[in-house]
Amino acid sequence: TRLAFGGDRSEMFFDPSQAHESFVGFSAVAVKINGRWKYYSPGSRFVPYGMLGWNSQSTGVLLLGYKDYVTTETPDASPADSVAKRVGRFSLSEDGTLSGTVRIEYTGHLSTFHKLNNYKESASKREENLKDDVKTRMSTAELEAISIGNVDDPEKPFVYEYKIKVPNYAQRTGRRLFVQPGFFKYGASPVFSTAERKYPIFFHFPWTENDDIQITLPKGFELENADSPSPIADSSKISSQDITMRLDKANNVLYYSRSFIFGNTGYTLFQPQNYTPLKGLFDAFHKNDSHMLTARQSQ
C-alpha cells in the first residue's frame, strides 16, 4: 500500500518529471493486488467505490513508500462507468401538448456531479434548480410530483423523477403535428458553435447516455413515417450514436431508443487541429437528436 501523489486535471496536465511541490497533491490510496496497482479514494464523499474523482484519473502519479517511490499513471474510467439512463412515458394531445412522467438515473461521475451540486441545498431549492434546468430547454414546461433520490448516498445512483406537461411541445399546422421524439435533447443547443478553435478541447470523462421514450399519439392521428436517423460513429471509434424508432399501430404508440457513447477509446483531449472533425461529429449528433416526425390527422 502506498500514497499516490499527482496532479489535478482541473488545473493542469501533470508530468511526474516536473514534480514541483506546487503541482503535486494527494490523489489516492494505491494498493497492489495481484501485481497491479489499484486506486481508491475513501475521502471523496460521493465518488463510487473503485473510482477516483475525474480530476485524479488518467494522470501521472508518484507512489510514495518508506524508502522509494514509483512513477506510474492512474487509470481512466470507461463510458460504462458514467451513465445517464433516461426514461420518458408521454402522451401527445391534439394541440401539441406533451404530458407524462420522467425518470433519470445517473451513475459514476455524472452521479457525483449532481450530488455535489445538490447535497447542501434544501429540498425546495433542489426542486427549483431542476425546474430551471428543464426550462432552459423547454420554457413552457410545468413540473410536479418531483422526487430527487439518493442525494447523500455515495454508492446509489442519483435519481430524478417527476411529472411534466409541456404546452406547444409539438407544432400544429392544419391537420399535421410536427414532433421531436428525442425529448431529452429537445431545445438543446449545438455543443460547438464557433467555426474555429484556438485552444485544446478537454472533456472531463467518458460517458454514456441511454434514452427510452414512449409517446402515445393523439386519437385520430397517425405517423406519416417513423424512419430512424442513420447511426453515427467516427472512424477511430471514440464516439457513437444509435437511434431506433418503431410504431405500435394497434395502440398508436411511438417507441424511441437512443444510445450515445463518448470516450470509448479513452480519448477526451483534442488539439485545435482536430476541432473541425470533432465539431462535425457533434453537429451530426445534434441533427439526429433534433430529428422531427410528422403526425397527420386522418380524415
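Biologist: Which residues lie nearest the centre of the largest pocket?

Modeller: Tyr106, Leu110, Phe113, His114 and Glu209, out of 49 lining residues. This is a predicted model, where local features need pLDDT of at least 70, side-chain atom pairs count only at pLDDT 80 or more, and totals for chains, interfaces and linings use all residues. Residues are numbered from 1 along each chain as its sequence is written, and side-chain values use heavy atoms, without hydrogens and water.

Biologist: What makes a set of points a pocket, and a residue part of the lining?

Modeller: On a 1 Å grid over the protein atoms alone, a cavity is a set of points where a 1.4 Å probe fits but cannot get out. A pocket is an open set with protein on both sides within 12 Å along at least five of seven lines. Lining residues have an atom within 4 Å of a point.

Biologist: How much space lies in the largest pocket?

Modeller: About 1500 Å³. That volume is the space filled by probe spheres set on the points, with grid points joined across faces, edges and corners.

Biologist: Which element gives the largest share of that lining?

Modeller: H1, with 8 residues. Helix H1 spans 108-118. Helices (H or I, at least four residues) and strands (E, at least two) are DSSP runs, numbered from the N terminus.

Biologist: How does the lining of the largest pocket divide by class?

Modeller: Into 23 nonpolar, 18 polar and 8 charged residues. Leu and Phe count as nonpolar, Glu as charged.

Biologist: What is the volume of the second largest pocket?

Modeller: About 290 Å³. Its lining has 14 residues, with Trp37, Lys38, Tyr39, Gly50 and Pro75 closest to the centre.
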